[in-house]
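Hello,

Here is the structure I promised to pass on. Please open it alongside this message; my notes follow below.

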Amino acid sequence: MAWRKLGVIAGGGELPIALAEHCKAQGRDYYVARIEHMADPALEAHPGATHNLGAVGGRIAALKEAGVDAIVIIGQVPRPDLSTLKLDDRAQAMLPAVMAAMTQGDDALLRVLLDEHEREGFRVVGADDVMGDLLAPAGVWGAHAPTAQQMKDVAKASNIAAAIGSFDIAQGVVVCAGLVLAVEAAEGTDQMLARVATLPAPIRGSAESRRGVLVKRPKPIQERRIDLPVVGVRTIEGAAAAGLAGVAVEAHGALALRRAEMIAAADRLGLFIYGFTRAEMGER
């Protein structure tokens with residue numbers, strides 16, 4: 001391990017909890033910098049402190065005081081309304097860079113935050129550097145495998161995700177029998193799948209006749225230490241509710257949260273989970 005103490009800057013969702021629990025179980029020295037109103041209350045059981053999103057200077061000072069020398073930035077953080085956000089002096093100094101990044105995409109915004117912490121001497125690491133088994137493996141994960149037609153849908157969705165990702169738009173696409181049903185935008189994967197579930201039955205699958213796939217992959221411009229695509233049990237359940245046949249992610253390019261539980265849910269609901277490689281998609 002190339003760092004002494006890890007700082008977990010924690011937004012919402014299950015992933016920060018899983019990472020903190022992993023650090024505790026492994027006996028690693030860690031500190032959780034919880035983002036107020038976003039981090040799950042379960043994280044209060046771990047060593048750390050809570051700051052509001054705009055307290056950048058306060059959070060950095062607390063991390064340094066705790067002896068943190070490496071950080072992982074993880075969890076869901078909705079785009080803030082800067083007019084209502086309480087900004088400390090450090091955050092105010094970052095405003096020009098933040099404002100410029102907000103007209104681009106999430107990756108650009110996260111890079112501003114990453115750069116600020118690196119300037120303070122922190123090493124920024126990926127969640128998979130801490131918890132290696134989070135990375136999605138290649139191939140079929142469970143009892144169900146994609147058909148040849150479904151692999152065609154995977155390939156098309158993967159190509160579209162790569163194209164929109166080059167504009168820092170999103171990481172997820174749903175395709176059914178060659179028809180693009182949804183492209184993820186600012187709403188996130190769960191809401192995108194809920195939207196697919198409301199589409200007319202003839203153009204999507206059903207629990208009795210599953211069709212179509214959700215593909216998630218990193219953006220070509222992705223800073224892979226932060227904001228890699230994440231899939232979990234909720235993703236499987238959302239895909240099932242939308243009538244999809246399966247979920248595919250780029251192998252080693254996505255994080256799988258509680259993978260055994262994901263596979264069990266997919267097997268029970270009749271979905272496949274597949275980790276595709278870039279070579280399979282005809283990419284280098």
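In helix H9 (residues 259-269), the buried residues are Met262, Ile263, Ala265 and Ala266. They span an arc of only 165° around the axis, so they lie on the same side of H9. An α-helix has 3.6 residues a turn, so residues three or four places apart point the same way. Ala260 and Arg268 are exposed, on the other side of H9.

What covers the buried residues of H9? The cover includes two elements listed with their ranges as strand S10 (230-231) and helix H8 (233-241). Strand S12 (255-256) and strand S13 (272-276) are also part of that cover. After H9 comes glycine 270, with a positive phi near 85°.

**The chain as a whole**

Keep in mind that this is a predicted model. The chain has 9 helices and 13 strands. Its radius of gyration is 19 Å, close to the 19 Å from the globule rule for 284 residues, so the chain is as compact as a globular protein of that length. Along the principal axes, the C-alpha atoms fill a box of roughly 55 × 40 × 35 Å.

Of the 284 residues, 50% count as buried. Take the contacts with a separation of 6 or more: 74% of them join residues 24 or more positions apart.

Last, the charges. The chain carries 30 positive and 34 negative ones, and their mean positions are 3 Å apart.

Best wishes

Terms used. Residues numbered from 1 in each chain as written. Predicted model: local features only at pLDDT ≥ 70, side-chain atom pairs only at ≥ 80, totals over all residues. Heavy atoms only, no water. Helix = DSSP H or I, 4+ residues; strand = E, 2+ residues; numbered from the N terminus. Rg over C-alpha atoms; globule rule 2.2 N^0.38 Å. Buried < 20%, exposed > 50% of the residue type's maximum accessible area, 1.4 Å probe, protein only. Contact = heavy atoms within 4.5 Å. Lys, Arg positive; Asp, Glu negative; His and termini not counted. Charge placed at Lys NZ, Arg CZ, Asp CG, Glu CD. Arc of directions from axis to C-beta.
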